[in-house]
Amino acid sequence: MQASDIFYEISLKIIAIPVVSEINHNEQVTWLAVAKWISENWNIDRCLSFLADRIYYGHGYYGLKEAATGYFDKEPKDLSIEEISMLIATTTSPSYYDLRNKDEKLLNKSDEIKEMTLKSKSWR
């Protein structure tokens with residue numbers, strides 16, 4: 001996902017547009033204006049935090065805090081890299097990567113995410 005995609009995704013969540021293909025001209029203008037404002041006023045950490053706090057993680061859990069508590073009985077700050085990777089994997093397809101079952105496809109996707117995260121320079 002590119003940075004511009006993040007701005008558009010956030011703007012859709014802010015103005016509550018469920019399906020992009022069904023929006024009218026006025027909604028498109030609003031969507032683009034909000035995305036432009038976000039790109040000029042929010043840094044990437046704020047953008048990612050916004051999305052993490054609103055995304056669906058499966059089994060009725062919306063937001064990182066709810067998912068961390070529901071799946072692991074932990075606060076987000078206390079999650080391990082493995083647990084974070086599993087949560088990220090579930091967001092791509094919560095019904096396919098079911099965290100409650102922890103099957104091979106979830107664990108493979110989680111390992112792939114963990115490797116990419118550890119290789120990135122932004123991991124702290």
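This is a predicted model: local features need pLDDT of at least 70, side-chain atom pairs count only at pLDDT 80 or more; totals for chains, interfaces and linings use all residues.
Residues are numbered from 1 along each chain as its sequence is written, and side-chain values use heavy atoms, with hydrogens and water left out.

Me: Why is tyrosine 97 called buried?
Reply: Buried means under 20% relative accessible area, exposed means over 50%, and partly exposed lies in between, with a 1.4 Å probe and protein chains only. Tyrosine 97 has 14% relative accessibility, and therefore counts as buried.

Me: Why does tyrosine 96 count as partly exposed?
Reply: Its relative accessibility is 43%, so tyrosine 96 counts as partly exposed.

Me: What makes the pair of tyrosine 96 and tyrosine 97 edge-to-face?
Reply: Rings of Phe, Tyr and Trp (its six-membered ring) pair if their centres lie within 6.5 Å, and planes under 30 degrees apart count as stacked, over 60 as edge-to-face and the rest as tilted. The rings of tyrosine 96 and tyrosine 97 are 4.8 Å apart centre to centre, with 85 degrees between the planes, and the pair is edge-to-face.

Me: What does the charged end of lysine 105 sit over?
Reply: A charge sits over a ring if NZ of Lys or CZ of Arg is within 6 Å of the ring centre and within 35 degrees of the ring normal. The charged end of lysine 105 sits over the ring of tyrosine 96, 4.3 Å from its centre, and that of arginine 54 sits over the ring of phenylalanine 50, at 3.7 Å.

Me: How do you know that the span of helix 6 agrees with its number of residues?
Reply: Helices are DSSP runs (H or I, at least four residues; strands are E, at least two), numbered from the N terminus. The expected span is 1.5 Å times one less than the number of residues; the 16 residues of helix 6 should therefore span 22 Å, and its end C-alpha atoms are 22 Å apart, which agrees.

Me: Why are the buried residues of helix 6 said to line one face?
Reply: The buried residues are Leu106, Ser110, Ile113, Lys114 and Thr117. The arc is that of the directions from the helix axis to the C-beta atoms, and because the buried residues fall within an arc of 105 degrees, they line one face of helix 6. The face turned away from the buried side carries the exposed residues Glu104, Met116 and Lys119.
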